Amino acid sequence: MKLSDKVINCNESETVKFTPLINKLKKEGKDIISFAVGEADINTPECIKEETINAIKNNKTKYSAVSGLISLKKIIAKKEKVKIENIIITNGSKQGLYEVFQTILNKNDEVIIPVPYWVNYKEQIKLSGGKCIFSNTSNHQLNIKDIKNKITSKTKAIIINSPNNPSGAIYYKNDLEEIKKLSQKNKFYVIYDDAYEDLNYFGEKSNFVLHDNSISVKSFSKSFSMGGFRIGYVVASNEIIYHLNKIQSHITGNVNTFSQYGAIKSFEIYSDEIKKRKKIFQKKRDLAYSLCKEIFNCIKPHGAFYLFPEVSNKLKGQTVEEFTKMLLTKANVLVMPGTIFGMKKHIRISYTCSMNDIREGFSRIKKYLDSN
């Protein structure tokens, strides 16, 4: 029997599938340095783990409300300067984004996506019946003129991911203000994917206070190394949250209850923990960037934990996929091909590993390329 066309046409997440590959190669005894996975080499803070364990021990393992614990939503509401009715807790920001697309998109509604982009946007939009409209960037910054040209009567939303995965770029505030004005004039949503909002090396928040047609999707995964907890949240209008709540009630119900208690604890250490992490990642960024620019053309990133160098002068007739495979098999370094982010001549390098691995990884790449 034939399966759903939607699922047949849906591609596997290109980033997630690299994790088992890394593990497989390591089990085979290969000394692989991974610049591929977007997950910090910093453990979840002890107090968050303890709070989560205590929640289990104290039998806080029952269902919560679908939209999340009131106590957690109150803390988030204070941080975001909104009401608790404007918040829903989700199983990571990935589920939050998917629920948003399911809520706002009708068949063939258009979503503008600046390139480069996070890999899951395309598939989530397709699964929701929408159509992706890609907008070119200039030096990884928004191209407002191009975005204006892409707006039609079918435009339902634009996605703003700043700090950006994969480029690490932080979009200019003037451009973000212009996007806000365009969305209000043309009546479409601005979806802020704010997974990396705390990893901003400019020292100031990159996005604006929420407005009437904005939807912000956030995560605890990057800020507190809570990827396995699967917890994030969406901030939006009462109407949007009401419908997200309906969808979530049929998909998963509430988010893991004891993970929510761990998330509550994260706010007690928020300022100190973010300050510490930014210092660590900025130091790694500076090292990785200094080594990368000796080999590739690379724009210095100001957020997240990625470099996105342009490698066309190294391809020698290869595709970027062939180039990344060569680096893996010949230099034992794993990077991500830019094609999965919408760019054919770039690679993504994640500098979440140790300083020694950053040095060794770039040394291997340089040594191999210099010898060929």
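Strand β3 (residues 110-115) is joined to strand β4 (residues 131-138) by 6 bridges, and the two run parallel. Strands are DSSP runs of type E with at least two residues, helices are runs of H or I with at least four, and both are numbered from the N terminus. Two strands pair if DSSP finds at least two bridges between them. Opposite valine 115 stands asparagine 136 of β4. The model is predicted: local features need pLDDT of at least 70, side-chain atom pairs count only at pLDDT 80 or more, and totals for chains, interfaces and linings use all residues. Residues are numbered from 1 along each chain as its sequence is written, and side-chain values use heavy atoms, with hydrogens and water left out.

β3 also pairs with strand β6 (residues 155-160), in the parallel sense, over 3 bridges. Here valine 111 faces alanine 157 of β6. β3 is mostly covered, with 6 of its 6 residues buried. Buried means under 20% relative accessible area, exposed means over 50%, and partly exposed lies in between (1.4 Å probe, protein chains only). In a regular strand the side chains alternate between the two faces of the sheet. Both faces of β3 are covered. Glu110, Ile112 and Pro114 are buried on one side, and Val111, Ile113 and Val115 on the other.

Together with β3 and β4, α6 makes a right-handed β-α-β unit. A crossover is right-handed if, with the strands pointing away from the viewer, the path from the first strand over the helix to the second runs clockwise. The buried residues of α6 are Asn120, Tyr121, Glu123, Gln124 and Ile125. They pack against α5 (92-104), β3, β4, β6 and β7 (189-193). Contact means heavy atoms within 4.5 Å. Glycine 129 follows α6 and has a positive phi, near 90 degrees.

β2 pairs with strand β9 (residues 232-235) in the antiparallel sense over 4 bridges. In β9, glycine 232 is the bridge partner of threonine 90.

β7 is largely enclosed by the rest of the structure, because 4 of its 5 residues are buried. β7 pairs with β6 in the parallel sense, over 4 bridges. Tyrosine 189 of β7 is the bridge partner of alanine 157. β6, helix α8 (residues 173-186) and β7 form a right-handed β-α-β unit. A further 4 bridges join β7 to β8, and these strands run parallel. Tyrosine 192 has serine 216 of β8 as its bridge partner.

A separate description covers the open sheet of 3 strands, ordered β10-β13-β12, with antiparallel pairing. β10 (306-307) and β12 (336-337) stand at its edges, each with a single partner strand, so one side of each is left without a neighbour in the sheet. 2 bridges join β12 to strand β13 (residues 347-350), and the two run antiparallel. Arginine 348 of β13 is the bridge partner of methionine 336.

Two lysines were examined in turn. Lysine 284 lies in helix α12 (residues 270-292). Lysine 284 has a relative accessible area of 5% and is therefore buried. Its side chain makes a polar contact of 2.8 Å with that of aspartate 41. A polar contact is a pair of N or O atoms within 3.5 Å; within protein, one must be able to donate a hydrogen and the other to accept it, and residues adjacent in sequence count only if both atoms are side-chain atoms. Not counting residues up to four places away in sequence, lysine 284 touches Asp41, Tyr351, Thr352, Cys353, Ser354, Met355 and Ile358. Lysine 49 lies in helix α3 (residues 46-57). At 29% relative accessibility, lysine 49 counts as partly exposed. The C-alpha atoms of lysine 49 and phenylalanine 220 are separated by 13 Å, and these residues are 171 apart along the chain.
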